[in-house]
Amino acid sequence: MDCVVTGGNVKVLAKAIHSLSRIGDELYLEPQEDGLTLRTVNSSRSAYACFLFTPLFFSRYVNPEGHGFRCKMAIKSVQAVFRSLATLEKTVEKCHIELDADRNRLTFTLHCKHGLLKTHNLSFQDSESLQAVFDKDSSTNVLKAQPRVLADTVLNFPPSLDEVTVTVSDERVWFRNHVDQEAEPSKAMLTELCLSSDEFDHFEVRARSSVTFCLKELRGLLVFAESTGLPVSMYFDKPGSPVVLSVTDSVLDGNFVLATLSDESGVQTSDRAGTPAPPADDFMNDELESYLIAMDTSMAAGPSVPAPLAPGRVGSPTATPDPWSPAHSEPGEDLTEVEEEPGRPPNKKFRSLFFGSVYPPGSPLGGHTPSSQKVLASDSEDDG
Amino acid sequence: MPLSTQSQTDDAQYILVASLDNARNISNILKAITFKDHAIFSATPNGLKVTVEDSKCLQANAFIQADIFQEFTIKEDSVGFQVNLTVLLDCLTIFGGSTVPGVSTALRMCYMGYGYPLTLFLEEGGVVTVCKINTQEPEEPIDFDFCSSNVTNKVILQSESLKEAFSELDMTSEVLQITMSPNQPYFRLSTFGNSGNAHYDYPKDSDMMELFQCTKTQINRYKMSLLKSSTKALALSCKVSVRTDSRGFLSLQYLVRNNDGQICFVEYYCCPDEEVGDD
């Protein structure tokens, strides 16, 4: 891979990397014919983000390795290359990204003013493909707004707020902070903002709906959208189905896919927020299958793979195996090198939405009872 | 000036008296070299030199010439003592660090000689504070034996570009490697950290490069933790000269302009971590 980014696009690339760093710790890089893809996923697998930069984004884009080259590296290392964002525009003339396959290094060379050359040789690891399967076009509801509108909206919520609920009706959208049902009523503060449909560039609501997702992740995308001025589109259906936030222009395409809290008590309709119906804690339902991440495990699915969880079969709330358990890794990869800490239980509310389901639904796995599943990914080497 | 009401008899006892209308002209420079608690003060009729050392490998010297001071009287050829630099700085900024335009702290620094404390008279807005700081036996500063005749490579850069590089240096790297050569890459700073290595190259014809005199290729490594101490001095400076001698010892000289436009110098000497090799 050998590509060159010039002028203002260097800052766009840097901003994309910074906004990906708000989601996950590792950057998955995959150069292909249709462009360079940068992806990341968070540790609880409840948020996935992906930027595709088409060849036109670059002043030179050459990919002699063709398909098959994929790597991942710590996102902090790449951020270090583009450290001072504020001065990037003024000092960097072009950025050259080149793969040195022999030495497993990715070289970023920044050509700066005054002849200064900054070269960063970053080591990377081979990685499996990270891809979420989602279909935004079949979403029930689609909203599109200028980034300023959304940025001003989220400003009303405290930076510490975890989750936000977005509710739509035929003509309006409500943004409300999600209050944990366990929170003390005397300490809870409810903030609600209502926007009418004419604040949006595009407002298509086919079914009233209310979805709750992580605000921090939305802010991550807004950082990018505001700096590039690109409008943000939001695609969503009902609680439990992921919301897709997307920015796009002729040379790039960014998608943030975020899990939403499901609500077993039925779709929340919203005319006014009175007391919102408390969302259920457990939220697996079979329709998530259409949003599974496809794992490109190039080895054939075989019994050596431990039982992945078919959705809807979760017993206890913590029984969610991490699909990136050791046995899912690519052949040849060190099996002890798992990217996440399998011992750490996923976030209680947004559990793993994306599964590496190797077996098709309706397979013999349907007979698995929760008790026979391992609680979390690590092998339980029983003592004695 | 209220401080000049000091009686003549007191004055006669001091072997060193140095006065400044604006104490910032000394405190800013001293802040830049406060990477260790203790500093060796050495005064001569030429002015004041303040030395701070770290692990016998790094030495910083701040030079404040006599003509920077409004009054500089010295009764001996050389006066030396050691004080706690942190305490001294606390005293110099005793009226608070904020800069209100038009208001400055006036300083009168007096020393009676061996065994006596360093006395500071500070005045701002009519309020006078007297500080007496205990002095210690001055240690002998290390002589790095760095002389101009032994200099192999020398460059003078505008601080602007070096400041950016220093602020971005990968701190997970234990060393900072400096390459100076008459050929490519001319002047290069390299780090070797957890995520990989990084190089900052300054070509000899860059407009940031004011002087380029490299006679032979030298690659030397210095402990990052030591050189990081020079960042504050770099931040204050407008120009820096980088020199290495045949042993690989590094000399960094910073040209600092104070608030009144006067020039002071801060220099750093650092010994190499290990010899990578001189080609």
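In the predicted model described here, Lys223(B) forms a salt bridge with Asp273(B), the closest N and O atoms being 2.9 Å apart, where a salt bridge is a side-chain nitrogen of Lys or Arg within 4 Å of a carboxyl oxygen of Asp or Glu. Lys223(B) lies in strand S15 (residues 218-223) of chain B and Asp273(B) in the loop between strand S18 (263-270) and strand S19 (274-278) of that chain, so the pair ties together parts that are 50 residues apart in sequence; helices (H or I, at least four residues) and strands (E, at least two) are DSSP runs, numbered from the N terminus. Lys223(B) is partly exposed, with a relative accessible area of 37%, and Asp273(B) likewise counts as partly exposed, at 32%, given that buried means under 20% relative accessible area, exposed over 50% and partly exposed in between (1.4 Å probe, protein chains only).

Residues are numbered from 1 along each chain as its sequence is written, and chains are lettered from A and ligands numbered from 1 in the order in which they are written. Because the model is predicted, local features need pLDDT of at least 70 and side-chain atom pairs count only at pLDDT 80 or more, whereas totals for chains, interfaces and linings use all residues, and side-chain values use heavy atoms, with hydrogens and water left out.

Over all chains, the count comes to 17 salt bridges. One of them joins the side chains of Glu89(A) and Lys11(A), at 3.3 Å from N to O. Glu89(A) lies in helix H3 (residues 85-91) of chain A and Lys11(A) in helix H1 (residues 8-21), so this pair ties together parts that are 78 residues apart in sequence; Glu89(A) is exposed, with a relative accessible area of 52%. Another salt bridge is formed by Asp170(A) and Arg208(A), whose closest N and O atoms are 4.0 Å apart. Here Asp170(A) is in the loop between strand S12 (163-168) and strand S13 (172-177) of chain A and Arg208(A) in the loop between strand S15 (202-205) and strand S16 (209-214) of chain A, so that parts 38 residues apart in sequence are tied together.

Chain A contains five helices and 19 strands, and buried residues make up 54% of its 384 residues. Of the contacts in chain A with a separation of 6 or more, 68% are accounted for by residues 24 or more positions apart, contact meaning heavy atoms within 4.5 Å. Helix H5 (residues 215-228) of chain A has 14 residues and reaches 20 Å from its first C-alpha to its last, close to the 20 Å expected, the expected span being 1.5 Å times one less than the number of residues. The buried residues of H5(A) include Leu218(A), Leu221(A), Leu222(A) and Phe224(A), and just after the helix Gly229(A) takes a positive phi of about 75°.

A buried charged residue of chain A is Lys136(A), which has no salt bridge, the nearest side chain of opposite charge, that of Asp253(A), being 4.4 Å away; in this count Lys and Arg are positive and Asp and Glu negative, while His and the chain ends are not counted. Lys136(A) lies in the loop between strand S10 (125-126) and strand S11 (141-145), and its side chain makes a polar contact with the side chain of Ser246(A) at 3.2 Å. A polar contact is a pair of N or O atoms within 3.5 Å; within protein, one must be able to donate a hydrogen and the other to accept it, and residues adjacent in sequence count only if both atoms are side-chain atoms.

The contact between the chains takes 15 residues from chain A and 16 residues from chain B. The area buried between them is about 1400 Å², of which carbon and sulfur atoms give 42%, buried area being the accessible area (1.4 Å probe) that two parts lose on being put together, summed over both. Two salt bridges are counted between chain A and chain B, including that of Glu164(B) with Lys118(A) at 2.5 Å, N to O. Strand S9 (residues 117-123) of chain A gives the most to the side of chain A that touches chain B, with seven residues.

In chain B, a cis peptide bond joins Gln184(B) and Pro185(B), with omega about -5°. Tyr186(B) has a positive phi, near 70°, and counts as buried at 17% relative accessibility.
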